[in-house]
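Please look over the side-chain contacts in the structure below. The report covers rings, charges and a surface patch.

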Amino acid sequence: MKKQLNWLIPVILGVLFVGLWYLSLSAGWVSPYLLPKPEAVLQEIPNEWDRFSNAIQQTAYASIVGFLAATGGGFVIALILASNRYVKSALYPYVLILQMTPIIVIIPLISIWIGNGIGSITLITFLIGFFPVVANTTAGLTSTDKNLLNLFKMGNASKAQELFALRIPYAMPHFLTGMKIAGTLSPIGALTGDFLLGDSVNGGLGYLLIVFRQAADTTAVFSLGLITCLLGFVFVASVNLIHYFALHQWHDSYNNKDA
């Protein structure tokens with residue numbers, strides 16, 4: 001019954017929201033120019049599909065490449081930081097400084113150094129997703145159970161054995177949590193980068209949003225918003241599936257039914 005309610009409540013809320021949407025239009029509370037009908041929003045997608053499909057490809061490319069670079073690069077940097085406490089003490093403060101620097105400050109520099117286009121957008125996506133992976137993975141690698149570390153030392157395990165057989169598996173939930181955060185942020189980073197540094201040649205959804213805004217095409221903006229939400233949902237759902245398949249057979253977050 002609880003599982004059914006978990007699905008039923010959002011559905012009911014969604015129906016009420018759409019009903020209120022129609023009511024506000026039929027009662028004249030809101031102009032159709034400001035709030036188009038839901039069917040008009042849906043019809044706009046096939047009408048503008050040629051433009052939407054190209055924009056989706058560009059945004060998806062920047063999201064995927066930036067996410068993969070952030071995940072792989074973040075994992076490698078975390079291994080370096082966790083390899084030695086002096087290395088961590090020397091480098092980690094600078095990682096935090098970069099993390100705390102607002103991306104809006106870095107974007108103009110990226111524009112000057114690289115220029116507008118898909119390369120800059122992918123770099124912005126990478127920067128937004130990189131730090132959660134580094135922070136979470138480093139925390140996992142440096143918080144390995146001391147009793148297990150002592151057990152490996154008693155068995156004369158090498159540093160490589162300790163790393164690959166103990167520290168990395170122990171840190172895997174932390175790494176995957178950082179990966180989930182990066183997966184959530186990557187589409188947002190791609191859209192933000194495209195909105196600010198997109199061009200007419202390889203414009204993604206963010207650049208297309210500027211075009212529709214300048215044309216005051218409210219229906220197209222709503223349609224683009226719907227596509228963006230669906231793209232983000234697919235991206236985050238894919239990352240969550242990776243998280244599930246990697247952990248569900250052994251980690252307490254899935255095995256503990258009462259949690």
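What follows is a short report on side-chain contacts and the accessibility of the residues involved.

The model is predicted.

**Aromatic pairs**

The count of aromatic pairs comes to eight. One of them joins Trp 21 and Phe 222. Their ring centres lie 6.0 Å apart with the planes at 40°, so this pair is tilted. Trp 21 sits in helix H1 (residues 2-26) and Phe 222 in helix H10 (residues 218-247), so the contact ties together parts that are 201 residues apart in sequence. Trp 21 is buried, at 14% relative accessible area. Phe 222 is partly exposed, at 29%. Ring pairs also bring in Phe 17, giving a cluster of Phe 17, Trp 21 and Phe 222.

Phe 75 and Phe 175 make an edge-to-face pair, with 5.1 Å between centres and 70° between planes. Phe 75 belongs to helix H3 (residues 49-83) and Phe 175 to helix H8 (residues 159-197), so this pair ties together parts that are 100 residues apart in sequence. Phe 75 is partly exposed, with a relative accessible area of 21%. The cut-off for buried is under 20%, so Phe 75 does not count as buried. Phe 175 is buried, at 11%.

**Charges**

Side chains of opposite charge can pair when their charged atoms come close. The structure holds two salt bridges.

Glu 48 is buried, with a relative accessible area of 17%. Glu 162 counts as buried, at 8% relative accessibility.

A charge also meets a ring. The charged end of Lys 88 sits over the ring of Tyr 92, 5.6 Å from the ring centre.

**Nonpolar surface**

Which residues make the nonpolar surface patch of about 460 Å²? Leu 5, Leu 8, Ile 9, Ile 12 and Leu 16 make it. Leu 16 is placed in helix H1. Leu 16 counts as exposed, at 57% relative accessibility. The cut-off for exposed is over 50%, so Leu 16 passes.

Terms used
Residues numbered from 1 in each chain as written. Predicted model: local features only at pLDDT ≥ 70, side-chain atom pairs only at ≥ 80, totals over all residues. Heavy atoms only, no water. Phe/Tyr/Trp six-rings, centres within 6.5 Å; stacked < 30°, edge-to-face > 60°. Helix = DSSP H or I, 4+ residues; strand = E, 2+ residues; numbered from the N terminus. Buried < 20%, exposed > 50% of the residue type's maximum accessible area, 1.4 Å probe, protein only. Lys NZ or Arg CZ within 6 Å of the ring centre and 35° of its normal. Patch = residues over 30% accessible without salt bridge, like charges linked within 9 Å, V, L, I, M, F, W, Y side chains within 5 Å. Areas by Shrake-Rupley, 256 points an atom, 1.4 Å probe, with all protein chains shown as cover. Salt bridge = Lys/Arg side-chain N within 4 Å of Asp/Glu carboxyl O.
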